[in-house]
Amino acid sequence: MTVRQILKMGDARLLRIAKPVEQFDSAELHALIADLSDTMAAANGAGIAAPQIGVDLAVVLFGFDHNQRYPDAPPVPRTVLINPQITPLGDAEDDGWEGCLSVPGIRAMVPRWSRIRYTGVDPQGQVIDRVAEGFHARVVQHECDHLIGKLFPMRVRDFSRFGYTEVLFPGLDPRSDD
Ligand code: NI
């Protein structure tokens, strides 16, 4: 429907705890999801969360077959996930590079749980209950962090691996991280 403006780090609206969705399959919810989809596509995002367009609701969208911002990432099933909950499965963590549409031009090595169970509902209110690992698990954790006011720099432990995308990944298409 509409490509919306993406809020950038420093905007206090990115720091809120998002409210749960209570009405499913509504015109408002479908309009929000259409806007998230259009905005993510326009920015070549791997995922997007409602707070990034200033909407204080627990809704995230993620997934792609191929993503030019993360050209080496395996496909992730396209999913609208509402009111999510994440449970780590085991203590193992993986380090991986992340960026964020709200933190343009920056990448960092971020530790995430290697394997998670995530639950929530889809736009019709039907239960989603999945186990994920690897980049899929990383994307879910990153997007769900937006619902609790966390941006990836807040998860960085090693700031020697934090920098400008154009410096860290000089071969990456600059249009993929503007
Ligand atoms: Ni993000």
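This is a predicted model: local features need pLDDT of at least 70, side-chain atom pairs count only at pLDDT 80 or more; totals for chains, interfaces and linings use all residues.
Q: Which atoms coordinate the nickel ion, and at what distances?

A: The donors are SG of Cys100, NE2 of His142 and NE2 of His146, at 2.1 to 2.3 Å.

Q: Where do Cys100 and His142 lie in the chain?

A: Cys100 is in the loop between strand E4 (93-98) and strand E5 (106-113), while His142 belongs to helix H2, so this pair ties together parts that are 42 residues apart in sequence.

Q: Is Cys100 buried or exposed, and what about His142, buried or exposed?

A: Cys100 has a relative accessible area of 3% and is therefore buried. His142 is also buried, because its relative accessible area is 7%.

Q: Staying with H2, how does the end-to-end distance of the helix fit its number of residues?

A: Helix H2 covers residues 134-145, which is 12 residues. At 1.5 Å a residue it should span 16 Å, and its end C-alpha atoms are 17 Å apart, so the two values agree.

Q: How many residues of H2 are buried?

A: The count is 11 of the 12, so the helix is largely enclosed by the rest of the structure. Among the buried residues are Phe135, Arg138, His142, Glu143 and Asp145.

Q: Which way do residues three or four places apart in an α-helix point?

A: They point the same way, because an α-helix has 3.6 residues a turn.

Q: Changing topic: how many aromatic pairs are there in the whole structure?

A: A search of the whole structure gives five aromatic pairs. One of them is formed by Phe62 and Tyr118, in an edge-to-face arrangement with 6.1 Å centre to centre and 75° between the planes.

Q: Where do Phe62 and Tyr118 sit in the chain?

A: Phe62 is in strand E2 (residues 59-64) and Tyr118 is in strand E6 (residues 115-121). They are 56 residues apart, and the pair links distant parts of the chain.

Q: Is Phe62 buried or exposed, and Tyr118, buried or exposed?

A: Phe62 counts as buried because its relative accessibility is 0%. Tyr118 likewise counts as buried, at 0% relative accessibility.

Q: What is the relative accessible area of Phe64, and what is the relative accessibility of Phe135?

A: Phe64 has a relative accessible area of 8%, so it is buried. Phe135 has a relative accessibility of 16% and therefore counts as buried too, the limit being under 20%.

Q: Which residues make up the aromatic cluster with Phe64?

A: Phe64, Tyr70 and Phe135 form one aromatic cluster.

Q: On to the backbone: what is phi of Asn83?

A: Asn83 has a positive phi of about 50°, although it is not a glycine. Most residues other than glycine have a negative phi.

Q: Where is Asn83, and what does it touch?

A: Asn83 is in strand E3 (residues 76-88). Not counting residues up to four places away in sequence, it touches Pro20, Val21, Phe24, Ala58, Thr119 and Gly120. Its side chain reaches the backbone nitrogen of Val21 at 2.8 Å. Asn83 counts as partly exposed, because its relative accessibility is 25%.

Q: And what is phi of Asp25?

A: Phi of Asp25 is near 55°, a positive value in a residue other than glycine. Asp25 lies in the segment before helix H1 (27-42). At 45% relative accessibility, Asp25 counts as partly exposed.

Q: Last one: with which side chain does the side chain of Asp56 make a polar contact?

A: The side chain of Asp56 makes a polar contact with the side chain of Lys19, at 2.8 Å. Leaving aside neighbours within four places in sequence, Asp56 is in contact with Arg16, Ile17, Ala18 and Lys19. Asp56 is in the loop between strand E1 (47-49) and E2. With a relative accessible area of 17%, Asp56 is buried.

Technical notes:
Residues are numbered from 1 along each chain as its sequence is written. Side-chain values use heavy atoms; hydrogens and water are left out. Helices (H or I, at least four residues) and strands (E, at least two) are DSSP runs, numbered from the N terminus. The expected span of a helix is 1.5 Å times one less than its number of residues. Buried means under 20% relative accessible area, exposed over 50%, partly exposed in between (1.4 Å probe, protein chains only). Rings of Phe, Tyr and Trp (its six-membered ring) pair if their centres lie within 6.5 Å; planes under 30 degrees apart count as stacked, over 60 as edge-to-face and the rest as tilted. Donors are N, O and S atoms within 2.8 Å of the metal (3.2 Å for Na, K and Ca); water is not among the atoms, so sites may look incomplete. Contact means heavy atoms within 4.5 Å. A polar contact is a pair of N or O atoms within 3.5 Å; within protein, one must be able to donate a hydrogen and the other to accept it, and residues adjacent in sequence count only if both atoms are side-chain atoms.
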